[in-house]
Amino acid sequence: MELLPRSPGEFGSARYWDRFFRQRGQRPFEWYGAFPELCPVLHKYVRPRDKVLVVGCGNSELSEQMYDVGMCEDIINIDISEAVIRQMQERSGSTRPKMSYLLMDMLQMDFPDAHFQVVLDKGTLDALLTDEEEATIAKVDQMFAEISRVLQVGGRYLCVSLAQAHVLKKAVEYFFQEGWVVRIHQVASSGDKQQFVLPVFVYVMTKFRKIPGSAPQILEICPEEQDKPMRMESAERLVAAVKDRQHYALLCSQISKSPCREQVSLDLCDKESGKPRYTLHVVDSPSVKPSRDNHFAIFIIPQGRETEWLFGTEEGRRQLAASAGFGRLLTVALHREQHYEGMAGIQAELSGKVMELAPPGLPAQQQVPFLSVGGDIGVRMVRHCDTSPLSGEYVVEDVKGDGSCYFRRLIFLRNRNVVQSEARLLAPTPLQGQKKRRKDKKKPSPAEPPGAIDKSYLCCEHHKAMVAGLCLLGGPDALPGELAVLVVGLGGGSLPLFVHDYFSQARVAVVEIDPSMLEVATHWFGFSQGDRMRVHVSDGLDYVAKLAAEGTISQSIPAQYDAVMFDVDSKDLTVGMSCPPPAFVEKPFLQKVKTILKPGGVFVLNLVCRDARLKESVLATLRDVFPLLYARRIEGEVNEILFCQPSPEGRRDPAELGARARALEGALRQPGRPWDSSYALADMLQAVHIL
């Protein structure tokens, strides 16, 4: 401890370094970055015939090691400490005759201009730039100016650094503004996590003549696992990329020493594009008793299934880890923009990286299993990509579910872990009497999903609950017959399509603000309009307000509805409620919704709200407007379906609701019409409670 300075400013003091090296004696002092780790980077930029200047050499062995391996011999080392220069002259003078040690201040060097091809700095900039005070910055500017002066054009300033934010920012901005090529190498770790947690970097600043005007300048980073540099678009992005790697190193160090109290999430990016390729979640299970074979496992989530509750939520992943029986489970989600070469390819690609996230106590040479559902990586086929002015970038993709079922999904990329709309695809049916394929004809790929939409199937649990709520309509002994239904929010169109097809006397009006979604629903999800189904491209707020004000717009649009259904997402992700937008649950607007409902009608709202206070406020407002309010939570999801009625006289107890739901289900289940067992409407309403 007596070797440490009293203040950071002493790092620039010759007196401090004289005292430091006298007390330390002959033992070499390396700030960080052992020669075996630095050697691959130095070999790229130091040639045997180069003249090399080492600034702030101290008693590091770096110059001696470079000399001894034949990397370079014409090396001049300078330092402001007379004690260390004398020590190093005695240590190397007779054995390394072409290398010299000089007492000199790097802020005011005696060398002529353009004298060196390489200036090497190992920790000197870090020691000098201890703060951002004006006097310190002036010294650093002087240091950089002197380095620039003594370097030839095409010469390299190699700076070994821990890349603290203010140090990196200063170095990158200075040399970038001077027109130099700026490249940052991350030094490959030796694997000794106990020695140093933070990664070591080498700044490679290559001197170019400053060209006036807007000549393109080069900013690059070379991660430790690859040789090819990645081009950065700005100095800020380069600094951010280094910061990301530092955070990753700190994370690996932390979770290698102790279990994770909370799930840790991180992205591994593609080397070429820089886009996320894998999303990893580290899930620890304290309840699992450790044994030799159950410390650690990797679980590959099949493509397209990352949004399922088991894989896409914290609680789901916790259950997955516990059932897998491993102390630490690393789940890996695959991104739709990337191509993967099967399970073996993924395993080869991830093997080295995932071991950096291994738990404490993992036995040496332990084989870590890669797990998945069914042993494969699933199927995902992107059918359509586009951008909507209102919804942003979106994709339509086909994915394989459990067994042989395929599903088509609509995903808004601003919220890529949420499925906006989903439809099941019909399996192809061979024609009767169709001849068998000839053996020489190519068989269809088993990974090619069918294309036709199964319009009879509701994929979303909240849609099933919304349909079940229609049993609230009708008199005590009657089920709904002729219906006027208003649906706000089209998506892929599965909800209005189901109501239209299964309620044969229903007239359905759909309001959708985004014309792109009408195109998507029509082209990709089998949606169509007709006499009983019309879509109005309009803002739902304006449409309902106009209905409430004018009564009737046209003969096809009634003044009052039996059911009004809101299934509309919010474009504002900063609010803790993703469905509906807040304006749709404000009291004045809800009163307009009540106005367009028939006295015995029902307003069905899909509410997705993670903010507890906001949710309670929404429920209070609904209770103010609607005397009768039922709620149905969707298990495993944030969704809650609210059934609101304008009159308290329609109140029904759970037994009556169940009976009506079973009767409605019986009416809808007609011969020749597909009916899925998951539509058990009575079960859907079993968990309904009155608020």
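Trainee: Starting point: two residues are in contact if their heavy atoms lie within 4.5 Å. What kind of model is this?

Mentor: A predicted one, where local features need pLDDT of at least 70, side-chain atom pairs count only at pLDDT 80 or more, and totals for chains, interfaces and linings use all residues. Residues are numbered from 1 along each chain as its sequence is written, and side-chain values use heavy atoms, with hydrogens and water left out.

Trainee: How many helices and strands does the protein have?

Mentor: 19 helices and 27 strands. Both are DSSP runs numbered from the N terminus: helices are H or I with at least four residues, strands are E with at least two.

Trainee: And how much of the protein is buried?

Mentor: 51% of its 691 residues. Buried means under 20% relative accessible area, exposed means over 50%, and partly exposed is in between, using a 1.4 Å probe and protein chains only.

Trainee: What share of contacts joins residues at least 24 apart?

Mentor: 69%, counting contacts between residues at least 6 apart in sequence.

Trainee: Back to helices. Which residues of α16 and α17 meet?

Mentor: From α16, Lys587, Leu590, Gln591 and Lys594. From α17, Thr621, Leu622, Asp624 and Val625. By class, that contact has 3 nonpolar, 2 polar and 3 charged residues. Nonpolar is Ala, Val, Leu, Ile, Met, Phe, Trp, Tyr, Cys and Pro; charged is Asp, Glu, Lys and Arg; the others, Gly among them, are polar.

Trainee: At what angle do α16 and α17 cross?

Mentor: Roughly 40°, with the axes coming within 10 Å. α16 spans residues 587-595 and α17 spans 612-625. So α16 is oblique to α17. The cut-offs: under 35 degrees is roughly parallel, over 145 roughly antiparallel, 65 to 115 roughly perpendicular, and the rest oblique. Axes are lines fitted to C-alpha atoms, for helices over the stretch in contact, and angles run from 0 to 180 degrees between N-to-C directions.

Trainee: Is the crossing of α16 and α17 left-handed or right-handed?

Mentor: Right-handed. That is when the near helix is turned clockwise from the far one by less than a right angle; anticlockwise is left-handed.

Trainee: Now α12 and α13. How do they cross?

Mentor: At roughly 35°, with axes within 10 Å. α12 is residues 461-468 and α13 is 494-502. This crossing is right-handed too. His463, Met466 and Val467 of α12 touch Ser494, Leu495 and Phe498 of α13. That contact splits into 4 nonpolar, 2 polar and no charged residues.

Trainee: How many residues of α12 are buried?

Mentor: 7 of the 8, so α12 is largely enclosed by the rest of the structure. Those buried include His462, His463 and Lys464.

Trainee: Ser494 sits in α13. What does Ser494 touch?

Mentor: Glu422, Leu458 and His463, leaving out residues up to four places away in sequence. Ser494 is buried, at 17% relative accessibility. Ser494 and Ala423 are 71 residues apart in sequence, yet 7.1 Å apart C-alpha to C-alpha.

Trainee: Switching to cores. Which residues touch the most other members of the largest nonpolar core?

Mentor: Leu53, Leu125, Tyr157, Ile184 and Tyr203, out of 43 residues. Helix α7, residues 165-177, gives the most to this core, with 6. Another core lies apart from it, with 39 residues, among them Met466 and Tyr630. A nonpolar core is a set of buried Ala, Val, Leu, Ile, Met, Phe, Trp, Tyr and Cys residues joined through side-chain atoms within 4.5 Å.

Trainee: What is Ile184 in contact with?

Mentor: Beyond neighbours within four places in sequence, its contacts include Leu168, Val172, Phe201, Tyr203 and Leu238.

Trainee: Where is Ala163?

Mentor: In the loop between β5 (151-161) and α7. Ala163 has a positive phi of about 60° although it is not a glycine. Ala163 is buried, at 1% relative accessibility.

Trainee: And what is phi of Ala114?

Mentor: Near 50°, also positive in a residue other than glycine. Ala114 lies in the loop between β3 (100-103) and β4 (116-122). At 37% relative accessibility, Ala114 is partly exposed.
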